[in-house]
Amino acid sequence: MLALDPAYRTGCKIAVIDESGNVLDTTVVYPTPPQSRVEEAKVKLLALIKKHGISVISIGNGTASKESEIFVAEMIKESGLDLSY
């Protein structure tokens with residue numbers, strides 16, 4: 001699973017977690033304002049998705065959650081990968 005903790009200023013914190021709850025990878029992406037580095041975020045997330053065989057993305061429901069959901073939905077649609085969130 002790829003878990004995404006949404007935020008604006010501090011970026012979206014990302015953790016890849018296996019079936020046992022072990023953290024396999026972490027990073028921070030900035031797809032939301034003020035930085036809006038959408039393409040960079042897509043590249044980073046797609047690399048993690050492919051590296052770890054991710055099939056599910058979990059999005060926290062705090063600050064910037066709606067914007068993060070829109071970003072993830074668009075990324076999934078554009079990638080053509082079999083992912084759900």
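Q: How many bridges join strand β2 to strand β3?
A: In this predicted model, strand β2 covers residues 12–17 and strand β3 covers residues 23–29, and the two run antiparallel. Within this pairing, Val16 stands opposite Asp25 in β3. The number of bridges that join β2 to β3 is six.

Q: Which residue takes a positive phi in the hairpin of β2 and β3?
A: The hairpin has five residues between its two strands. The positive phi found in this hairpin is near 90 degrees, and the residue that takes it is Gly21.

Q: Is Ser36 buried, partly exposed or exposed?
A: Ser36 lies in the loop between β3 and α1, and its phi is near 50 degrees, a positive value in a residue other than glycine. Because its relative accessible area is 40%, which falls between the 20% limit for buried and the 50% limit for exposed, Ser36 is partly exposed.

Q: What is the omega of the cis peptide bond that joins Pro33 and Pro34?
A: Pro34 has its place in the loop between β3 and α1, the helix of residues 38–52. The peptide bond joining Pro33 and Pro34 is cis, with an omega of about 10 degrees.

Q: In the loop between β4 and α2, is Ala64 buried or exposed?
A: Ala64 is found in this loop and has a positive phi of about 70 degrees, although it is not a glycine. Asn61 is also placed in the loop between β4 and α2, and Asn61 counts as exposed because its relative accessibility is 73%. For Ala64 the relative accessible area is 5%, and since buried means under 20%, Ala64 is buried.

Note on methods
Residues numbered from 1 in each chain as written. Predicted model: local features only at pLDDT ≥ 70, side-chain atom pairs only at ≥ 80, totals over all residues. Heavy atoms only, no water. Helix = DSSP H or I, 4+ residues; strand = E, 2+ residues; numbered from the N terminus. Buried < 20%, exposed > 50% of the residue type's maximum accessible area, 1.4 Å probe, protein only. Pairing = 2+ DSSP bridges.
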